[in-house]
Every structure is written in structure tokens, then in C-alpha cells.
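Please examine the sequence and the three-dimensional model shown below.

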Amino acid sequence: MKWRGVLADVARFGVFLLLWQLAAMALDSAFLPPLGEVFRAFADSFIFERIWSDVVPSIGRMAAGYALAAAVGVGAGLMIGSNWVVRRTTGPVTEFLRAIPPPALLPFAMLVFGFGLSMKVFVIAIGCVWPILLNTVDGVRGADPMFNEVARVYRLDSRSRLRRVVIPAAAPQIAVGLRASLSIALILMVISEMVASTNGLGYFVLQAQRTFRLDDMWAGILMLGIVGFALNAVFVAGERRVLAWHRGMRAASDASAEPMEAVSA
């Protein structure tokens, strides 16, 4: 069954590539080159030549901003979700700040941090932190009250309660926020590199467009898609491993619910 799903995904992607090729042949436009030219430009640009000069720096910036957002978002989310006073105090400020589009903060970031790594990490982090923070808060608040009662009965201190009760209960919702922020990190990495950078995938795509090297531009876009797909696949594999207990509980709950539904029917 697993291999069947993989083959189905490969077939769907093959259909997408076929439609691309047919559209390029039908339009016969320089703005949409055939797949052969794109693959040739991809091989010339990204097989060994630009991996270290563009791909690796981009992934490094994205990873740094994403890690900072995860640390701040999960930490602040656990604190806000666990304390109603903090939640009421920070609520209006949080809603105001998360409504600001992260690209709008680029001029501020360039003034404060300059054009180096710090600016790009800040922009990525400030955009990624909100889905993580808000999902963490929802995960803490949505935990089963029975867990807190059990922790109170066993007289767990605050640290043990956080580690053994709160974080496991909120972990599935935290994973949702982390996965949503992964695509945001990729988008903001590209934007920050297009605005102020001398290397990276965003810089490469923009420079190729400006110099009318459209096959290279599409090759850079293809590389961005590959990077995003690979990062998402790694995240999903890690999530399945870390949250295997949660999937087991859901499967057991669904299995126990089926006989009850049959009896009621």
C-alpha cells in the first residue's frame, strides 16, 4: 500500500510535467521554456556549481530563522497558554503584531540589522513565529482537563507538569504550527534574498530574470520546489516518528468507537 501511494504521487507529478511541456509547446513563448531547456539549465547551474554558493547559504538562513521562531514560539506559547493572566495581557499585542505582513518589516530590518545574515534571520523568524505560537497556545488550552487533574493528584511540580503533561498534550498542535511555518520560512527566505543579498536562491532567480536568462530563472524556481518538497518530507518523517504515540492513541480510539457506533445503529 505504501509503495502504491508513492507510485501514485510520482504519476501525478509526471502528469504535471507533461502539462508543462504541452503548454510550452503550444504557447511557443520565451517566457515558458520547454522542460528540456529548464533541465539543461538546472544541470549546468545546480549540479555542484551553485550548491555551495547559493543553495547551502539559503538553507542555512532559513534554518536559523526557523529555529529561532520555533524556540520563541513554543516557549512563549507554553507560557501564554498555561497562564490566563498572561494570555489576557498579551492577547491584543499578539493580535496586532501578527497582523503585520512580515515583508513590510524589511525596511526596518535593513535599518537595524543591515544587509547581512541577521536581517534575513530576523525577517524569517518574525514571519514564522506566529503560527507556532498560536498553535502552541491552542494546544495547551485544548488539553484534556483530566491530565491536569492527574498531575494535581500526583502532586507534580511545575517543571514536571510542563514536561510530562503540558508539552505531550500540546505536541500534536505544536507540530501543526511548525509544519505551517516551514513553507512561510521558505517564502521569506526568498523575499529577503531578493531584496538584499549577493547570493542565495532568491538572488539567483531575481538576477536571472533581470538578465533575461529565463531558463536559469525557471531552474532556480525548480530548485526552490525541490528544497521545499525535501524539507517537508523530512519534517513529516520526523513528525511520524516523534508523534507515533499520538497516532497509536487515535487509531485505538477510532477502533473502540466503531463497535459503539455499530451497537447504537
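Leu22 lies in helix 1, which spans residues 2–27; helices here are DSSP runs of H or I with at least four residues, strands are runs of E with at least two, and both are numbered from the N terminus. The model is predicted, so local features need pLDDT of at least 70 and side-chain atom pairs count only at pLDDT 80 or more, while totals for chains, interfaces and linings use all residues. Residues are numbered from 1 along each chain as its sequence is written, and side-chain values use heavy atoms, with hydrogens and water left out.

**Surface and overall fold**

Leu22 is partly exposed, with a relative accessible area of 45%; the term covers values between buried (under 20%) and exposed (over 50%), computed with a 1.4 Å probe and protein chains only. Together with Val15, Leu18, Leu19 and Met25, Leu22 forms a nonpolar surface patch with about 500 Å² of accessible area. Patches consist of residues with over 30% relative accessible area and no salt bridge, where nonpolar side chains (Val, Leu, Ile, Met, Phe, Trp, Tyr) are joined within 5 Å and like charges within 9 Å. Accessible areas come from the Shrake-Rupley method with a 1.4 Å probe, and for residues only the protein chains shown count as cover.

The protein chain contains 11 helices and zero strands. Its accessible surface comes to about 16300 Å², of which 68% belongs to carbon and sulfur atoms. Of its 265 residues, 35% count as buried.

**The nonpolar core**

Which residues touch the most other members of the largest nonpolar core? Among its 49 residues, they are Phe46, Leu178, Met189, Leu201, Met223 and Leu224. Such a core is a set of buried Ala, Val, Leu, Ile, Met, Phe, Trp, Tyr and Cys residues joined through side-chain atoms within 4.5 Å. Helix 8 gives the most to this core, with 10 residues. Leaving aside neighbours within four places in sequence, Met223 is in contact (heavy atoms within 4.5 Å) with Phe42, Phe46, Ile51, Val55 and Leu201.

**Salt bridges**

The structure holds four salt bridges, each defined as a side-chain nitrogen of Lys or Arg within 4 Å of a carboxyl oxygen of Asp or Glu. The table lists examples.

| Salt bridge | Closest N and O atoms |
|---|---|
| Arg61 and Glu193 | 2.6 Å |
| Arg98 and Glu95 | 2.9 Å |
| Asp216 and Arg213 | 2.6 Å |

Arg61 in helix 3 (residues 51–82) and Glu193 in helix 8 (residues 158–195) are 132 residues apart, and their pair links distant parts of the chain. Both Arg61 and Glu193 are buried. Arg98 and Glu95, in contrast, both lie in helix 4 (residues 84–98), three residues apart, about one turn of the helix. Arg98 is partly exposed at 40% relative accessible area, and Glu95 is partly exposed at 42%. Asp216 is buried at 14%, whereas Arg213 is partly exposed at 29%.

**Aromatic pairs**

The whole structure has seven aromatic pairs. Rings of Phe, Tyr and Trp (its six-membered ring) pair if their centres lie within 6.5 Å; planes under 30 degrees apart count as stacked, over 60 as edge-to-face and the rest as tilted. Phe16 and Trp20 form an edge-to-face pair, 6.2 Å centre to centre with 65 degrees between the planes. These two residues are four residues apart in helix 1, and therefore about one helical turn separates them. Phe16 is partly exposed, at 45% relative accessible area, whereas Trp20 is buried, at 13%. Phe13, Phe16, Trp20 and Trp218 form one aromatic cluster.
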